[in-house]
Amino acid sequence: MKAAPVAASRTRPGIAPALPFALIPPNLDAWPPLWWVGCHGGAGVSTLARLVGFGLDFGKGWPTLTPAMPATQVVLVCRTSAAGTWAATGAIEQWRRRSGMSASMTLLGVVAVAASPRRPPRIATERLQLLRGWAPQIWRVGWVDALLAADDPRDVGAPPDIEALRTTIWQRARMNLDGKR
């Protein structure tokens, strides 16, 4: 007997997850212009950081800052899936409450990376619309099939949407840094 298809639930799965705080490595060569932070595992942080060519891949966690540390700019990264946008919702809610965060941390925005070559599910699109009202900026990056077979994403080269993202984020990061000097 064939099982009936299961309908996707449109209810929230509970409280959106918060990101942990992580210690900044003591052996940094230089303070990065921004920190790429994944809202969940597999968000695409490492690939984005390599393709964009600046900033530090900080993994999955907010940088823990001390008062002696320089100002920090963060770009959150999530997949454009139900789970990815739910994780981004939790990270943005946490940032809005500023619980445990240094006042010298600035969130530049959220990059939503395509989870597949298909159109994202409606729930993911709706959550990104909601996040537009909460986050300083939402950027979307399309699917790049060639990245699946690349050992280093720089071998594939940056597609046009990554080039545009690089320019926009660099300008925003520089503007924030210049304004804080």
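Is tryptophan 35 buried or exposed? Tryptophan 35 is buried, with a relative accessible area of 0%. The model shown here is predicted. The chain has four helices and seven strands. This briefing moves from the overall fold to the cores, then to the aromatic pairs and the salt bridges.

**Overall fold**

- The chain has a radius of gyration of 17 Å. The globule rule gives 16 Å for 181 residues, and the two values are close, so the chain is as compact as a globular protein of that length.
- The C-alpha trace spans about 65 × 40 × 30 Å along its principal axes.
- Of the 181 residues, 39% count as buried.
- Take the contacts between residues at least 6 apart in sequence: 76% of them join residues at least 24 apart.
- The accessible surface of the chain is about 10000 Å². Carbon and sulfur atoms account for 56% of that surface.

**The nonpolar cores**

- The largest nonpolar core has 25 residues. Six of them touch the most other members: Cys39, Trp62, Val74, Leu76, Ile92 and Val110.
- Several elements each supply at least two residues of this core: β2 (35-38), β5 (72-80), α2 (82-97), β6 (105-114) and α3 (122-132).
- Helix α2 gives the most to this core, with five residues.
- Another core lies apart from the largest one. This other core has 20 residues, among them Trp36, Ala49, Leu165 and Ala173.
- Which residues does valine 74 touch, leaving out those up to four places away in sequence? Its partners include Trp35, Val37, Trp62 and Pro63. Valine 74 also touches Met105, Thr106, Leu107, Leu108 and Gly109.

**Aromatic pairs**

- A search of the whole structure finds three aromatic pairs. Two of them involve tryptophan 35 and are described here.
- A pair of aromatic rings is described by the distance of the centres and the angle of the planes.
- Tryptophan 31 and tryptophan 35 have ring centres 5.2 Å apart. Their planes stand at 70°, so the pair is edge-to-face.
- Tryptophan 35 and phenylalanine 58 have ring centres 5.0 Å apart. Their planes stand at 90°, so this pair is edge-to-face.
- Tryptophan 35 lies in strand β2. Phenylalanine 58 lies in the loop between β3 (56-57) and β4 (62-64). The pair therefore ties together parts that are 23 residues apart in sequence.
- Trp31, Trp35 and Phe58 form one aromatic cluster.
- How exposed are the cluster members? Tryptophan 31 is partly exposed, at 28% relative accessible area. Phenylalanine 58 is buried, at 11%. Tryptophan 35 is buried too, at 0%.

**Salt bridges**

- How many salt bridges does a search of the whole structure find? The search finds three.
- Glutamate 126 forms a salt bridge with arginine 122. The closest N and O atoms are 3.6 Å apart.
- Both of these residues, glutamate 126 and arginine 122, lie in helix α3. They are four residues apart, about one turn of the helix.
- Glutamate 126 is partly exposed, with a relative accessible area of 34%. Arginine 122 is exposed, with 62%.
- Arginine 154 and aspartate 152 meet through their side chains in a salt bridge, at 2.7 Å from N to O.
- Arginine 154 is exposed, with a relative accessible area of 53%. Aspartate 152 has 19% relative accessibility, so aspartate 152 counts as buried. The cut-off for buried is under 20%.
- Arginine 166 forms a salt bridge with glutamate 163, and the closest N and O atoms are 2.6 Å apart.
- Helix α4 (residues 160-179) holds both arginine 166 and glutamate 163. They are three residues apart, about one turn of the helix.
- Arginine 166 counts as partly exposed at 22% relative accessibility. Glutamate 163 is partly exposed as well, with a relative accessible area of 32%.

Definitions and conventions: Residues are numbered from 1 along each chain as its sequence is written. This is a predicted model: local features need pLDDT of at least 70, side-chain atom pairs count only at pLDDT 80 or more; totals for chains, interfaces and linings use all residues. Side-chain values use heavy atoms; hydrogens and water are left out. A nonpolar core is a set of buried Ala, Val, Leu, Ile, Met, Phe, Trp, Tyr and Cys residues joined through side-chain atoms within 4.5 Å. Buried means under 20% relative accessible area, exposed over 50%, partly exposed in between (1.4 Å probe, protein chains only). Contact means heavy atoms within 4.5 Å. Rings of Phe, Tyr and Trp (its six-membered ring) pair if their centres lie within 6.5 Å; planes under 30 degrees apart count as stacked, over 60 as edge-to-face and the rest as tilted. A salt bridge is a side-chain nitrogen of Lys or Arg within 4 Å of a carboxyl oxygen of Asp or Glu. The radius of gyration is taken over C-alpha atoms; the globule rule is 2.2 Å times the number of residues to the power 0.38. Accessible areas come from the Shrake-Rupley method with a 1.4 Å probe; for residues, only the protein chains shown count as cover.
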